[in-house]
Amino acid sequence: MSDTLIYSGKSKDVFKINQGPHSGKFRLVFTDKATGYIDNGKVVFDPGRDVVVGEIPGKGAIACHFATHFFKLLQTHDIPSHYIETISENEMIVEPALPLSLAPEMATFPGSEPLANLEFTWRNSATGSFWRRYPFVKPCRNVNCVVEIWTKGAIDTLITTEALQETGALTAAEIRHCVTLVQAIARIVTEEFASRGLHVLDGKFELGRLAGGDGRIVIIDEISPDVLRVCDGYAPDARGDCTITGECTRTSCSEGRRSIKHRRQVAPTDFVNAFRR
Ligand SMILES: Nc1ncnc2c1ncn2[C@@H]1O[C@H](COP(=O)(O)OP(=O)(O)O)[C@@H](O)[C@H]1O
Ligand SMILES: [Mg+2]
């Protein structure tokens, strides 16, 4: 009996394993599919986008190798995850997990929708949508690994911990656990990059409840190069604010739309080389 495809996403295919030693577990296949947009008939790859526009040969193997490196690193720190083992250059066996989801309370109301999942962003330095939302903050100020929780859907929406608790999506204890876990993993990832002279500005993780056993919440999905914003070098002052932001960071605002860019930012295709075999 062959494995059953249960989900085909923007970057991975998920199979349920039906036989052999890993029967009942999931097999994640990292594909070469890449998101982006079409500009004047030309494909432009952009990991920040949500539409698959083509393939980048070798992308899946690179992502799988990168994720494997970090899941194994978490093991050395005794941080549990869904990771079991990597079985080929682009395939990983994982524990099945349930998303942090919620059914609609009253689906008979048109427009009601389930909470599909949550995403956790964490931020070392103030940039990206954090700075665009809070432009009173100095760009690249140390924001001490603040965690933001988003509902995952057609449009990701920031959700407060009070709303998560009130709606029953997570208990107060679960929220504390999720935030502490995300910060612990973020620090390990940040240190690993720092040891290679790279500064992680921010990143994003997905958590899930392990389907078997005690249902505890662990990191799932992947630790992906595409969701880490990374700069070459870091020159912090005593409170951890980057001291070269004046030279590195460029902000603008036109018609109410803000943008923030960093000259020192390193593209995923370049920083993954620091984690090659
Ligand atoms: N251990 C797991 N158990 C169940 N689902 C998982 C697990 N790890 C990752 N997933 C899910 O598998 C999918 C991975 O495919 P991906 O291409 O990243 O999807 P997406 O397009 O939604 O980002 C995601 O929906 C993710 O939530
Ligand atoms: Mg994904």
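Contact here means heavy atoms within 4.5 Å. This is a predicted model, in which local features need pLDDT of at least 70 and side-chain atom pairs count only at pLDDT 80 or more, while totals for chains, interfaces and linings use all residues. Residues are numbered from 1 along each chain as its sequence is written, chains are lettered from A and ligands numbered from 1 in the order in which they are written, and side-chain values use heavy atoms, with hydrogens and water left out.

Q: Which residues does Lys 59 touch, leaving aside those up to four places away in sequence?
A: Lys 59 touches Ser 11, Thr 31, Asp 32, Lys 33, Ala 34 and Asp 226.

Q: Why is Lys 59 called buried?
A: Buried means under 20% relative accessible area, exposed means over 50%, and partly exposed lies in between (1.4 Å probe, protein chains only). Lys 59 has a relative accessible area of 19%, and is therefore buried.

Q: Where is Lys 59 placed, and what is the span of that element?
A: Lys 59 belongs to helix H1; helices (H or I, at least four residues) and strands (E, at least two) are DSSP runs, numbered from the N terminus. H1 has 18 residues and reaches 26 Å from its first C-alpha to its last, close to the 26 Å expected at 1.5 Å a residue. The expected span is 1.5 Å times one less than the number of residues. Buried residues of H1 include Phe 66, Phe 70 and Leu 73. After H1 comes Asp 78, whose phi is positive, near 60 degrees.

Q: What makes Ile 56 part of a surface patch?
A: Ile 56 forms a nonpolar patch with Ile 38, Val 43 and Phe 45, with about 320 Å² of accessible area together. Accessible areas come from the Shrake-Rupley method with a 1.4 Å probe, and for residues only the protein chains shown count as cover. Patches are made of residues with over 30% relative accessible area and no salt bridge; like charges are joined within 9 Å, and nonpolar side chains (Val, Leu, Ile, Met, Phe, Trp, Tyr) within 5 Å. Ile 56 has 32% relative accessibility and so counts as partly exposed. Ile 56 lies in the loop between strand E6 (52-55) and helix H1 (59-76).

Q: How do you know that Asp 13 and Lys 33 form a salt bridge?
A: A salt bridge is a side-chain nitrogen of Lys or Arg within 4 Å of a carboxyl oxygen of Asp or Glu. For Asp 13 and Lys 33 the N to O value is 3.8 Å, and the pair qualifies. This pair links distant parts of the chain, with Asp 13 in strand E2 (residues 12-16) and Lys 33 in strand E4 (residues 33-39), 20 residues apart. Asp 13 is buried because its relative accessibility is 16%.

Q: What makes Arg 123 and Glu 148 a salt bridge, and why does the pair tie together separate parts of the sequence?
A: The side chains of Arg 123 and Glu 148 meet at 2.9 Å, N to O. Arg 123 lies in strand E10 (residues 118-125) and Glu 148 in strand E11, so the pair ties together parts that are 25 residues apart in sequence. Arg 123, at 4% relative accessible area, is buried, and Glu 148, at 7%, is buried as well. Both belong to a salt-bridge network that also links Arg 133, Asp 202 and Arg 229.

Q: Why is Val 146 called partly exposed, and where is it placed?
A: Val 146 has 29% relative accessibility and therefore counts as partly exposed; it is in strand E11 (residues 142-151). Val 146 touches Thr 121, Trp 122, Arg 123 and Phe 130, not counting residues up to four places away in sequence.

Q: What sets the phi of Cys 145 apart, and is Cys 145 buried or exposed?
A: Cys 145 has a phi near 55 degrees, a positive value in a residue other than glycine. Cys 145 is found in strand E11 and, at 2% relative accessibility, counts as buried.

Q: How many disulfides are found in the whole structure?
A: The search finds 0 disulfides. Cys 231 is in none, as the nearest cysteine sulfur, that of Cys 248, is 4.6 Å away; a disulfide is a pair of cysteine sulfur atoms within 2.5 Å.
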